[in-house]
Amino acid sequence: MKRAAALLLSLGAVAGLSWGAWSYGYGQALSQIAGRAQSDLALASDRLVTELRRYQMAAVLMADHPALAALHDGGPRQAADRLLLETVDKTGALMAAYLGTDGRVLASAPEGAPPEIADSAYFRRALHGALGSAYGRDLGFGQRAYVYAAPSFSETGAVQGVLVVAVDIDLLEEGWGGSSPAVFFRDEDGRVFLTNRSELLGWTRTAAGMAPPEGPERTIRVDRVDGTEVWQQRLSPYVPQEALHLAGEIPVIAMTGDVLLDAAPARRVASLQAAAVAALCLFFGALLSWATARRRALAEANAVLEGRVRARTRDLTEANVALQREVAERTAAEGALKKAQAELVQAGKLSALGQMSAGISHELNQPLTAIRQFAENGQAFLDRGRNEKAGENLARIAALAARAARIIKNLRAFARNESEPMGRVDLCAVIDTAVELTEARLRADGVTLDWQRPDGPVFALGGEVRLGQVFVNLINNAADAMAGQTAKRIAIALETGPLLTVTVQDTGPGIADPEKVFEPFYSTKEVGSGMGLGLSISYGLVQSFGGNIRGVNTGDGALFTVELEHWRAEEAA
C-alpha cells in the first residue's frame, strides 16, 4: 500500500510539473505570436491608411485647380471633365466630381455622379471649409467606396465648390487577397468592410461571435491566456480554427483593424516542452527508485555479510577518489563560470550599442524622406523657372543633409572601440551626444528631458566613447524605470567644483535596493528586458577614470551622481 501511495504521489507530482511547464511554454509562445500579430496589424493598417491618403491628397490638391475654378466664371466644362478623367485614370479612383455649393454637378468623370452626394454629410462638411470623408456600401456608387470631399476656395476665401473623389475599395482590395495572416477592418457597427479573406466580407462582430450577411451566427469561444485573446472558431477554411486575435482602433479612417494568427504552433511547442519535462521527471524518478532499492539491498547485504569489511573499505576508498574528482571538476566549472560572466559583461556593452543603432536608424529616415521631397519640389520649381524657390529647397536639403551627417558622426563615434588612454574630454559635448543618441527612444516613450547645459566647454579627464556609454546607460535606465508612469521627466545637470559633478534624476519609482544597484546581473526589469549589466559596466568605467558614481532615492524618483576629475595640462604632460 505504501509503495502504491508513493507511486501515485510521484505520478501526481510529475503531472503537476508537466502542466506547469505546458502553461508556461504556451504563454511564452503566445506572447511571441502576439508580438508578430501586433507588427502584422500595424503594417496592414499603415498600408491601408497610406493608400487612402493618396486619394485624400489628390482631392485636396486638385480642388483649387484653375480648370475647376474657371467653371464659376463660365469656363468650358470640357476642360474640367478632361482634368477629372485624367485624375481618375492616373489614380485608379472610382469617380471624381466637382459640385457647386448648391449641389449641382459642374464636372465629373465618368459621367453620372450619384445624386446622393448633395445630401451627404461629407458634402455639407466640405461646404463649411473642412475635408469631408465617408465610407460604406450605400453611398450611391453601387459598390463599396471611400469618399473624400475637399472644398475649393475663391479669392475671397469663401467656399465656391467641392471636389469629391471616390475610392474603389474592390480595386484596392485586389492586392490583399489571400495574403497571410487573416486581416479585416470593421466599421463603427462592427461589420467587416475590407479584408484579405473575401468570405468574411460583410460579417458582423457580435457579443457571442460573428454573423454572416446571410445564415446563422457563428459562435466564437474566447480564451484569455496571459493577457492574450485566443479564438476557437470555424469562420472559414482559410482562417485558423485556433487563432490569436488582436484588434486596434484606426481613428484616422474611423475603422477597427483585426488580425488572426494561427495559435496551433504555440500549443505544439508547449506540448513538446511538457513531454520533455515529464520524460525527465520519469527518468530521474526511475533512477531514484532504482538507487533507493539498491541502497536497501546493500544495507541488507551489509547486515548479513559483516565479514566483508575489507571489501566495503575498498568501496569507500573508490567513492572518496570519485569525490575528489568531482571537487576538481567543480573547481574547473567555477573557473568557466567566471569566464562566462566576463563575456556577459562584454555582451552587455554590445547590446547597448545595438539598441542605440535601432533608434538612430529611425531618426535618419526622417531627413532622408524630407530631402527626397524637397529635391522633387526643387526640380518642379526649376521646370517652371522659379529659381528662387528652387534655391530655398536646395538650402533646406543642405540643412537636412548636415543633420543626417551629424547623426551618423555621433553613431560612428559611439560605435568606435576606444582603446586610447585617458585625456581631455569636453563633458558637455559627451552629454550632448548621449542626449541626441537617446532622443528617438525618449520621444517614442513620451519622456521629457531637461539638460541644463552650461555655457562653453567643460573639460574632464576620461575617454569620450566610454563616458558616452555611461550617460547613455543612465538615460536608458531612467526611461525604463519610468515605464507606466504618468509623468516622465529626466533632468541632467552639470556642476563644477573640486570635482565635476553630473546628476541624472528621473521621476520613476526609485531604486528598490540602492546597495545592490551596481552589482553585476542585478535588475528589476522583466525577464528578457536586460541582463542587469548596464549600471555595473558604468560603475567600472567611471572608476577607471578615477571618478565615482552613486545612486540614491529622492522621494520623487532616483538620482544618480557621477563625479569626475578636472582635466589639467600638467596631468596630460
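Trp 290 is located in helix α6, which spans residues 264-304, where helices (H or I, at least four residues) and strands (E, at least two) are DSSP runs numbered from the N terminus. The model is a predicted one, in which local features need pLDDT of at least 70 and side-chain atom pairs count only at pLDDT 80 or more, whereas totals for chains, interfaces and linings use all residues. Residues are numbered from 1 along each chain as its sequence is written, and side-chain values use heavy atoms, with hydrogens and water left out.

With a relative accessible area of 53%, Trp 290 is exposed; buried denotes under 20% relative accessible area, exposed over 50%, and partly exposed the range in between (1.4 Å probe, protein chains only). Together with Leu 280, Phe 283, Phe 284 and Leu 287, Trp 290 forms a nonpolar patch on the surface, with about 580 Å² of accessible area for the five residues together. Patches are made of residues with over 30% relative accessible area and no salt bridge, like charges being joined within 9 Å and nonpolar side chains (Val, Leu, Ile, Met, Phe, Trp, Tyr) within 5 Å. Accessible areas come from the Shrake-Rupley method with a 1.4 Å probe, and for residues only the protein chains shown count as cover.

For the chain as a whole, the accessible surface comes to about 32400 Å², and 55% of this belongs to carbon and sulfur atoms. The chain has 573 residues, of which 39% count as buried, and its secondary structure consists of 13 helices and 21 strands. Among contacts (heavy atoms within 4.5 Å) with a separation of 6 or more, 59% are accounted for by residues 24 or more positions apart.

The largest nonpolar core contains 54 residues, and Leu 48, Tyr 146 and Phe 185 touch the most other members; such a core is a set of buried Ala, Val, Leu, Ile, Met, Phe, Trp, Tyr and Cys residues joined through side-chain atoms within 4.5 Å. Helix α1 (residues 2-62) gives the most to this core, contributing 15 residues. When residues up to four places away in sequence are not counted, Leu 48 touches Leu 172, Trp 176, Phe 185, Leu 194, Ile 253 and Met 255. Another core, of 41 residues, lies apart from it and includes Ala 434, Leu 474, Ala 479 and Met 482.

Aromatic pairs were examined next. A pair of aromatic rings is described by the distance of the centres and the angle of the planes. Rings of Phe, Tyr and Trp (its six-membered ring) pair if their centres lie within 6.5 Å, planes under 30 degrees apart counting as stacked, over 60 as edge-to-face and the rest as tilted. A search of the whole structure finds four aromatic pairs. The pair of Tyr 135 and Tyr 146 is stacked, because the ring centres are 5.4 Å apart and the planes lie at 10 degrees. Since Tyr 135 lies in strand β3 and Tyr 146 in strand β4, this pair ties together parts that are eleven residues apart in sequence. Tyr 135 is buried at a relative accessible area of 18%, and Tyr 146 likewise counts as buried, at 3%. Tyr 146 also forms a tilted pair with Tyr 148, at 5.2 Å centre to centre and 40 degrees between the planes. Ring pairs link Tyr 135, Tyr 146, Tyr 148 and Phe 193 into a cluster.

Turning to charged residues, a search of the whole structure finds 18 salt bridges, each defined as a side-chain nitrogen of Lys or Arg within 4 Å of a carboxyl oxygen of Asp or Glu. Arg 144 forms one with Asp 170, the closest N and O atoms being 2.6 Å apart. Because Arg 144 lies in the loop between β3 (132-136) and β4 (145-153) and Asp 170 in helix α5 (residues 169-174), the pair ties together parts that are 26 residues apart in sequence. Arg 144 also meets Glu 173 in a salt bridge at 2.7 Å, N to O; as Glu 173 lies in helix α5, this pair ties the loop between β3 and β4 to a part 29 residues apart in sequence. Arg 144 counts as buried at 3% relative accessibility, as does Glu 173 at 13%, whereas Asp 170 is partly exposed at 33%. A further salt bridge joins Arg 221 and Asp 223, with the closest N and O atoms 3.1 Å apart, and Asp 223 is partly exposed, with a relative accessible area of 25%. Salt bridges that share partners join Arg 77, Asp 81 and Glu 111 into one network.
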